[in-house]
Amino acid sequence: AAQKTRPKRPKGPPKEGPPRLTDREKSVVLFSYPEGKDAQDPVPITVGDKLRLRLGEFLNDNLIDFYLKFSVNSRNENAASGSSSSPYGSALRPMGKKVHVFSSHFFAKLTQEGAHSNGPTTPAGENGA
């Protein structure tokens, strides 16, 4: 009867993953989307954001903001050019000015103390009216 053999373990210390980067190295901006001087609310994508695309990592706000803006812009550009790589064909109409993608940080900034000239907002009904 044949015996099962275990795979041999490599000798030496275990191999580590990619080298660790400093916070400064992670904050280097690779590109901003949309590009251009006149771009409205560009989303900067950094080395640290790129590292979050690895298997088992969680996406961060910048990557989600990038994807939302890219999706809306791509849909508008495809509709304007008459081409569509979508399986839905012409069912996906351009969104034009109907859709605005807010940053995922929008609500936090909106509710921050001193974020507006009239002071902090209060939920409806808390101002005694």
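These legends describe close-up views of a predicted model.

View 1. L53, L59, I64, Y67 and L68 make a nonpolar surface patch. The patch covers about 520 Å². One of its members, Y67, sits in helix α3, which spans residues 61–81. Y67 has a relative accessible area of 54%. Because exposed means over 50%, Y67 counts as exposed.

**View 2. N60 in the loop between α2 and α3.** N60 belongs to the loop that lies between α2 (47–51) and α3. Its relative accessibility is 19%. The cut-off for buried is under 20%, so N60 counts as buried. Residues up to four places away in sequence aside, N60 touches D49 and R52. With D49 there is a polar contact, side chain to side chain, at 2.6 Å.

View 3. D49 is part of helix α2. D49 is buried, yet no salt bridge is present. R52 carries the nearest side chain of opposite charge, 6.0 Å away.

**View 4. Polar partners and contacts of D49.** The D49 side chain reaches the backbone nitrogen of T46 at 2.9 Å. The D49 side chain also makes a polar contact with the side chain of N60, at 2.6 Å. Beyond its neighbours within four places in sequence, D49 is in contact with P44, N60, N62 and L63.

Technical notes:
Residues are numbered from 1 along each chain as its sequence is written. This is a predicted model: local features need pLDDT of at least 70, side-chain atom pairs count only at pLDDT 80 or more; totals for chains, interfaces and linings use all residues. Side-chain values use heavy atoms; hydrogens and water are left out. Patches are made of residues with over 30% relative accessible area and no salt bridge: like charges are joined within 9 Å, nonpolar side chains (Val, Leu, Ile, Met, Phe, Trp, Tyr) within 5 Å. Accessible areas come from the Shrake-Rupley method with a 1.4 Å probe; for residues, only the protein chains shown count as cover. A salt bridge is a side-chain nitrogen of Lys or Arg within 4 Å of a carboxyl oxygen of Asp or Glu. Helices (H or I, at least four residues) and strands (E, at least two) are DSSP runs, numbered from the N terminus. Buried means under 20% relative accessible area, exposed over 50%, partly exposed in between (1.4 Å probe, protein chains only). A polar contact is a pair of N or O atoms within 3.5 Å; within protein, one must be able to donate a hydrogen and the other to accept it, and residues adjacent in sequence count only if both atoms are side-chain atoms. Contact means heavy atoms within 4.5 Å. Lys and Arg count as positive and Asp and Glu as negative; His and the chain ends are not counted.
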